Amino acid sequence: MTQIKVGVSTCLLGQEVRYDGQHKLDRFVRDVLGEYFDYVPVCPEVECGLPTPREAMRLVGDVENPRLVTNKTHMDHTERMLEYTKNKLEKLEEENLHGFIFKKDSPSSGLYRVKVYNDKGVGEKKGSGLFAGAFVKHFPNIPVEEEGRLNDPHLRENFIVRVFAHHRWKEFLAGEPSLGDLVEFHTREKLLLMAHSVEHYRSLGKLTAQAGDLPREELFSKFEELFLEALTFHATVKKNTNVLHHILGYFKEDISAWEKQEVLGLVDRYHEKQVPLIVPMTLLNHFINKYDKTYLKKQRYLNPHPKELMLRNKV
């Protein structure tokens, strides 16, 4: 499969660019996701001209507009970083990124809960690194995450689902699709959307039904906004259970009462968090193939990401 371009904080790949001359190698990021992602490494502090090693820095002042200042000598590198960030973001537009993995807690690259210190030297975990915060504003639709949060299986799966979906959508657009192609794309994504946001699932259904009534550019722009926004909502056990029941409804005339109870039993066990999602999905996939359910075979929900990542194997 084609590797997907994803930005990443350089230190997470094992390169010694940290302020202390060390790295923060994340083997899951480099070795596991690296099988599928074509990384574009970024280290704002080194790339803006600061040496390695260098004096540690922190964010100070207003949470919304903090300054980047060294810890001991109090040198202010804010303008240097902002100028670099402006230029870098323009260059990254050419990379066609489908995601970005940031280094947590970094005053330049931390995404969430980065400490911002007040004039009394007290830090509050309310900020974002200067580069990371600017990236999110510049590329609001690109999925982003921190490497530390990828240890949470739910956050990990949600991020990866969004990256692959973003890539699918951009690849779809590159093919200069027709209105009919959009309807087909939407059809394949229906169950995945249902698992993430029923509200968006319904809104996209209405939008697609009115496809011929809207200017093409407006239609595709609105579809992209709703589609990518839908996947920011997590696929919970409750929502997945609803989708599993929905899939089972396609076999009313095919499977026996005993087989139906077998599926329902596994779905119930999944709902009670006794088995992972892959268990009822495996049995449903068996019936989908056995009875050649064409509509279901096309559903992205069945394979939203590579099976080798085993993201649905966790309870």
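Begin by selecting phenylalanine 227, which touches Ala165, Arg168, Trp169, Phe185, Glu189, Leu193 and Leu204, leaving aside residues up to four places away in sequence; contact here means heavy atoms within 4.5 Å. The model is predicted, so local features need pLDDT of at least 70 and side-chain atom pairs count only at pLDDT 80 or more, while totals for chains, interfaces and linings use all residues. Residues are numbered from 1 along each chain as its sequence is written, and side-chain values use heavy atoms, without hydrogens and water.

Next, select Trp169, Phe223, Phe227, Leu244, Ile247 and Tyr301, which touch the most other members of the largest nonpolar core, a set of 43 residues. Such a core consists of buried Ala, Val, Leu, Ile, Met, Phe, Trp, Tyr and Cys residues joined through side-chain atoms within 4.5 Å, where buried means under 20% relative accessible area (1.4 Å probe, protein chains only). Among the helices that each supply at least two residues to this core are H5 (153-174), H8 (216-230) and H9 (237-248); helices are DSSP runs of H or I with at least four residues, strands runs of E with at least two, numbered from the N terminus.

Apart from this core lies another, of 24 residues, including Met81, Phe102, Phe139 and Ile142.

Now display the open sheet of 4 strands, ordered S2-S1-S5-S8 with parallel pairing; two strands pair if DSSP finds at least two bridges between them. Strands S2 (37-42) and S8 (144-146) are at the edges, each with a single partner strand, so one side of each lacks a neighbour in the sheet.

Finally, select strand S5 (residues 100-102), which 3 bridges join to S8 in parallel. Phenylalanine 102 stands opposite glutamate 146 in S8.

Technical notes
Buried means under 20% relative accessible area, exposed over 50%, partly exposed in between (1.4 Å probe, protein chains only).
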